[in-house]
Amino acid sequence: MKLIKIDWIERDVDFVIQLDDISLDDIKTKEFKTFVKDILIKQIYYRGKDIDITGLSLSEVDKNDVREDDIWIGVWKKEDGEFSTCVVLDYPNTQSSLFMDKALFGETWNFTQVYLSCPVEITKELYITGETQKLSSYYLGDSTRHNFKNPTLVNAIYDLGRLRHGNIGIRSREHLQKKDGWTEKGYIPLAVEQECA
């Protein structure tokens, strides 16, 4: 995943675009620059006002060179070749996530999500077979504000799932980033059979 810094010096506008499935050649095209001007700047910053945009600078940057207060916007290229906004991923190597509609550690929202570097199929297989240690080896981060180590959240979600304390599912990278709603392709609900007493 690449990061592009957008600077528009005349209006003191700057933000970072996280590119997904977009090559550096794509960002040099007239279509991409038009998208940045007409969609990102005019719609996001100026609410559709007809303004002349000159002096716009696009440059590749490293994550370490981005300021903490910079605005991040996700952009991807659809199958039809059109550019579109998407969700920015906190962990760019995310391939799937394990989701529970329950706050496990006092979050202010009603879910906990663990981001994993393995594809949906592997996440599903390891979860169903109970191989939480191996699943934890793909851990990238999570939705909590705590810094938990690998197995803690994966094990907690698995254990609570076995006790049926919340709905659990797997989300693909595409579902996390580019789909709206929970019924779209890319979301797999999970259930683990309760052990016999």
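This report walks through the fold of one protein chain, from its overall make-up to a few single residues.

## The chain as a whole

Keep in mind as you read that this is a predicted model. The chain has 197 residues, and 42% of them are buried. Its secondary structure consists of five helices and ten strands.

How far apart in sequence are the residues that touch? Taking contacts between residues at least 6 apart in sequence, 59% join residues at least 24 apart.

You can follow one pairing in detail. Strand E6 (residues 96-100) and strand E7 (residues 112-116) run antiparallel and are joined by five bridges. In this pair, Ser96 stands opposite Leu116 in E7.

## Two nonpolar cores

In soluble globular proteins, nonpolar side chains tend to be buried together. In this model, the largest nonpolar core holds 19 residues. Which of them touch the most other members? They are Leu98, Val114, Tyr127, Leu135, Ile157 and Ile168. E6, E7, H2, helix H4 (150-162) and E9 each give two or more residues to this core, and H4 provides the largest share, with five residues.

There is also a second, separate core, made of 16 residues. Phe32, Phe35, Leu40 and Ile73 are among them.

Ile157 lies in helix H4. Is Ile157 buried or exposed? Its relative accessibility is 0%, below the 20% cut-off, so Ile157 counts as buried. Leaving aside neighbours within four places in sequence, Ile157 is in contact with Leu98, Met100, Leu104, Thr112, Val114, Tyr127 and Ile168. One of these, Leu104, is 53 residues away along the chain, yet the C-alpha atoms of Ile157 and Leu104 are separated by 8.3 Å.

Val114 has its own list of partners. Not counting residues up to four places away in sequence, Val114 touches Ser96, Ser97, Leu98, Tyr139, Gly141, Asp142, Leu153, Val154 and Ile157.

## Cysteines and a loop residue

How many disulfides does the structure hold? The count is zero. Cys118 is buried, because its relative accessibility is 1%, under the 20% limit. Cys86 is buried as well, with a relative accessible area of 13%.

Finally, find Ser23 in the loop between strand E2 (13-20) and helix H1 (30-45). Its relative accessible area is 30%, which falls between the 20% and 50% cut-offs, so Ser23 is partly exposed. Ser23 and Lys2 are 21 residues apart along the chain, and their C-alpha atoms are separated by 8.5 Å.

Technical notes
Residues numbered from 1 in each chain as written. Predicted model: local features only at pLDDT ≥ 70, side-chain atom pairs only at ≥ 80, totals over all residues. Heavy atoms only, no water. Helix = DSSP H or I, 4+ residues; strand = E, 2+ residues; numbered from the N terminus. Buried < 20%, exposed > 50% of the residue type's maximum accessible area, 1.4 Å probe, protein only. Contact = heavy atoms within 4.5 Å. Pairing = 2+ DSSP bridges. Disulfide = S-S within 2.5 Å. Core = buried A, V, L, I, M, F, W, Y, C linked by side-chain atoms within 4.5 Å.
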